[in-house]
Amino acid sequence: MCPVSCIPARNRQINNCNLAPDCLGLVDCALQYDGLGSIHVGGQHSRFLSRAPAAAPPRTSTLRSHGIPMDFLKPRYIPMSRRRRIYEGKAKVLYEGPEPGTLIQHFKDDATAFNAKKHQVIDGKGVLNNRISEYVFQHLNDIGVPTHFIRRLNMREQLIREVEIIPLEVVVRNTAAGSLAQRLGIEEGTQLPRSIIEFYYKNDALNDPMVSEEHITAFGWATPQEIDDVMALAIRVNDFLSGLFLGVGIRLVDFKMECGRLWENEMMRIVVADEISPDSCRLWDIKSNEKLDKDRFRRDLGGLLEAYTEVAKRLGIMGENEPPRGTGPVLVKG
Ligand code: AIR
Ligand code: ASP
């Protein structure tokens, strides 16, 4: 079966390939299907859900394990070594989830910068990012901003909905810093006249180049309607995050987010995906301008773990004495 048969017909117009007869849509011809239901886009990765899943399996089967009827829909704990790994990125791993349509997002301790030319393992970073990202995504869900997040499972992992990642990094900037400051010769720390949204094509081989809406629609990475949805989400996330951090004495300079298509039967909506953490935001102390984000690693400032811990503490996530280091999977009850 065509691996992209889940894409609705309307998206077909944005591409130019020939399709298998049963295929309702497709993505760029450069896609590679790995036979596991996963599509790799220029080194990146998307998962596709079946458009028309077979009839739901019976809730219980006549099969018995030790005399107990087996309930196939009940989530089970699967040891990490036995989980099917779907995708491994620079800072996270995605595993198959306990139920169809779910994945487990595992936060690693790896820090990378400049397209992974710089790499270091920072013990405990994954634990902090898991907690901070959980906090942000849970609050986004609570205020009605749709995300892929379901719940945190343990120190390093969260249960998420499986989405088809749109191959764009969406950057929102409030203050000039980083590549914008360099590119346009604006002094770092200059307040921008208004928030600016930029798009970068997620492609390591090309170094995530900045792209315009023209490129996005011409090459079929997203439709005009999807771009509108992504921008509306980005503005809401920026408003929420700016207020959240301002409340704890932190300036949100800029951040990067990713979006995915979430399929519910025949319906699709765009949701916030990936992570939002000090790895993907620039966070400066409001008074001292001290950097509390991944620039500590990028710019060899040291003290990354302390900075991330400070963010977590200010948000009230980590207790004063709670160590950031995870000892292994600990299931959260309830
Ligand atoms: N970002 C971009 N690619 C990966 C990440 N994490 C984030 C940075 C920064 C924002 O996007 O962490 O918050 C803008 O980055 P830059 O380098 O374009 O100035
Ligand atoms: N994480 C990306 C990389 O490895 C970009 C960055 O955060 O600087 O290059």
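The loop in question is the one between β9 and β10. A116 is not a glycine, yet its phi is positive, near 65°.

Before going on, a reminder that what we are looking at is a predicted model.

Next, N115. N115 also sits in the loop between β9, residues 110–113, and β10, residues 118–121. Its phi is about 55°, again positive, and N115 is not a glycine either. Is N115 buried or exposed? N115 has 12 C-beta neighbours inside 10 Å, so it counts as exposed.

Now the whole protein. There are seven helices and 19 strands. The protein has 334 residues, and 35% of them are buried. If we take the contacts with a separation of 6 or more, 54% of them are between residues 24 or more positions apart.

On to a pair of helices. In general, two packed helices are described by the angle between their axes and the distance between the axes. Here the pair is α2, residues 125–142, and α7, residues 304–314. The angle is about 25°, and the axes are 10 Å apart. Angles under 35 degrees count as roughly parallel, and α2 is therefore roughly parallel to α7. The crossing of α2 past α7 is left-handed.

Which residues make this contact? From α2 they are K125, L128, R131 and I132. From α7 they are L304, L305, Y308, T309, V311 and A312. Sorted by class, the contact of α2 with α7 has seven nonpolar residues, two charged and one polar.

Last, the ligand. Around ligand 1 there are 14 residues, and those that come nearest are G178, S179, K256, S280 and R282. Where does the shell come from? Four elements each supply at least two of its residues: strand β14 at 168–175, helix α3 at 178–184, strand β17 at 250–264 and strand β19 at 281–285.

To recap, we have seen a loop holding N115 and A116, a roughly parallel helix pair, α2 and α7, and a shell of 14 residues around ligand 1.

Key
Residues numbered from 1 in each chain as written. Chains lettered and ligands numbered in written order. Predicted model: local features only at pLDDT ≥ 70, side-chain atom pairs only at ≥ 80, totals over all residues. Near = placed C-beta within 6 Å. Axes fitted to C-alpha atoms, helices over the stretch in contact; angles between N-to-C directions. Parallel < 35°, antiparallel > 145°, perpendicular 65-115°, else oblique. Left-handed = near helix turned anticlockwise from the far one by under 90°. Contact = placed C-beta atoms within 7 Å. Nonpolar A, V, L, I, M, F, W, Y, C, P; charged D, E, K, R; others polar. Buried ≥ 20, exposed ≤ 12 C-beta atoms within 10 Å, placed from the backbone.
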